[in-house]
Amino acid sequence: MDKKLKVLLLNGSPRKDGNTALALHEMEKIFEQSGVEYETVQIGKMDVRGCVACGSCSQTGKCVFNDIVNEIAVKFEEADGLVIGSPVYYGSANGTLMSALQRLFYSTHFDKSFKVGASVASARRSGCTATFDELNKFFTISNMPVASSQYWNNFYGREPVEGRPDEEGLQVMRVLARNMVFLMRSIASGKEQAGLPGGEEDRVWTNFMK
Ligand SMILES: Cc1cc2nc3c(=O)[nH]c(=O)nc-3n(C[C@H](O)[C@H](O)[C@H](O)COP(=O)(O)O)c2cc1C
């Protein structure tokens, strides 16, 4: 197994040094120590519009709006793992991030199977688990195994520097990153030894309409 593993991290916060960044940095340190390449893209402050359902991506395999979404698509295709981090906004993931993710997953046709996914939610007080569930749905509709930790991947705080960081949250991030590295390595060697299971040739689409 000589290919270096790569992880793409997406930070949906507009705050470069915010809580989500703090949580993701803790994961980056573990990737670094483990010899895993990583790149973090902060998209929360970018001008990212939502999907307009034009359907052009069904022909081209990329989004008609040529912005950060098409740029991260290239990085995602190369990556073995994807971490999505979001601040909680009104009990949900950040809107800019959701626009980017919906367009990213809808427009790209490359095989995402067995890229490992992990999601992280940061909040002042509440809404982390709903956000965590929301983000994990991108993985579980894409044949992507989800890495987990010793607790749900939540990180608490209003401001990043409060003199009292969420120590449990930081530990959850470190364990998550280690588990993710283990899964990516195991999948890489499993691929070599046995190959991926592969989907069924004729995909069934049932729209629940007569
Ligand atoms: C528009 C907006 C909505 C928010 N909604 C919530 C919320 O529903 N629950 C919560 O606990 N915190 C909420 N917060 C606080 C942030 O989730 C919290 O400060 C988070 O840690 C910020 O992460 P960041 O520093 O990475 O941006 C909200 C903040 C903003 C700006």
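**Close-up**

A: Tyr90 sits in the loop between strand 3 (81-89) and strand 4 (92-93); helices (H or I, at least four residues) and strands (E, at least two) are DSSP runs, numbered from the N terminus. This is a predicted model, in which local features need pLDDT of at least 70 and side-chain atom pairs count only at pLDDT 80 or more, while totals for chains, interfaces and linings use all residues. Residue numbers start from 1 along each chain as its sequence is written.

Back to Tyr90: its phi is positive, about 50 degrees, although Tyr90 is not a glycine.

You'll find Phe114 in the loop between helix 4 (95-107) and strand 5 (116-123). With 19 other C-beta atoms within 10 Å, Phe114 is partly exposed.

Phe114 leads us on to Pro145, which is in contact with Phe114, Val116 and Leu183 once neighbours within four places in sequence are set aside (contact means C-beta atoms, placed from the backbone, within 7 Å). Pro145 belongs to the loop between helix 5 and strand 6. In sequence, Pro145 and Val116 are 29 residues apart, yet from C-alpha to C-alpha the gap is 5.2 Å. Pro145 counts as partly exposed because it has 19 other C-beta atoms within 10 Å.

Met144 is in the loop between helix 5 (128-140) and strand 6 (154-156). Its contacts, again leaving out neighbours within four places in sequence, are Lys112, Lys115, Val116, Gly117 and Phe139. Met144 has 19 C-beta neighbours inside 10 Å, so it is partly exposed. Asn94 is another matter: Met144 and Asn94 are 50 residues apart along the chain, and their C-alpha atoms are separated by 22 Å.

Follow the chain to the loop between strand 6 and helix 6 and you come to Asp166. Not counting residues up to four places away in sequence, Asp166 touches Phe155, Tyr156 and Gly157. Asp166 is partly exposed, as it has 18 C-beta neighbours inside 10 Å. Between Asp166 and His25 there are 13 Å from C-alpha to C-alpha, for a sequence separation of 141 residues.

Now for the helix packing. Helix 3 (residues 68-78) and helix 4 have axes that come within 10 Å and cross at roughly 55 degrees (axes are lines fitted to C-alpha atoms, for helices over the stretch in contact, with angles from 0 to 180 degrees between N-to-C directions). That angle is why helix 3 and helix 4 are called oblique to each other; under 35 degrees is roughly parallel, over 145 roughly antiparallel, 65 to 115 roughly perpendicular, and the rest oblique. The crossing of helix 3 and helix 4 is right-handed, meaning the near helix is turned clockwise from the far one by less than a right angle, with anticlockwise being left-handed. On the helix 3 side are Ile68, Val69, Ile72, Ala73 and Phe76, and they meet Ala100, Arg103, Leu104 and Ser107 of helix 4. That contact splits into seven nonpolar residues, one polar and one charged; Ala, Val, Leu, Ile, Met, Phe, Trp, Tyr, Cys and Pro count as nonpolar, Asp, Glu, Lys and Arg as charged, and the others, Gly among them, as polar.

Elsewhere, helix 1 (residues 19-33) packs on helix 6 (residues 167-194) at an angle of about 40 degrees, with the axes 8 Å apart. Helix 1 is therefore oblique to helix 6, and helix 1 passes helix 6 in a right-handed crossing. Helix 1 brings Ala23, Glu26, Met27, Ile30 and Phe31 to the contact, while helix 6 brings residues including Leu170, Met173, Arg174, Ala177 and Val181. By class, the contact of helix 1 with helix 6 has nine nonpolar, one polar and three charged residues.

Zooming out, the chain has six helices and six strands, in the order β-α-β-α-α-β-β-α-β-α-β-α. Along its principal axes the C-alpha trace spans about 55 × 40 × 30 Å. Of the chain's 210 residues, 38% count as buried. Finally, among contacts between residues at least 6 apart in sequence, 79% join residues at least 24 apart.

Definitions and conventions. Two residues are in contact if their C-beta atoms, placed from the backbone, lie within 7 Å. A residue is buried if 20 or more other C-beta atoms lie within 10 Å of its own, exposed if 12 or fewer, and partly exposed in between; C-beta atoms are placed from the backbone.
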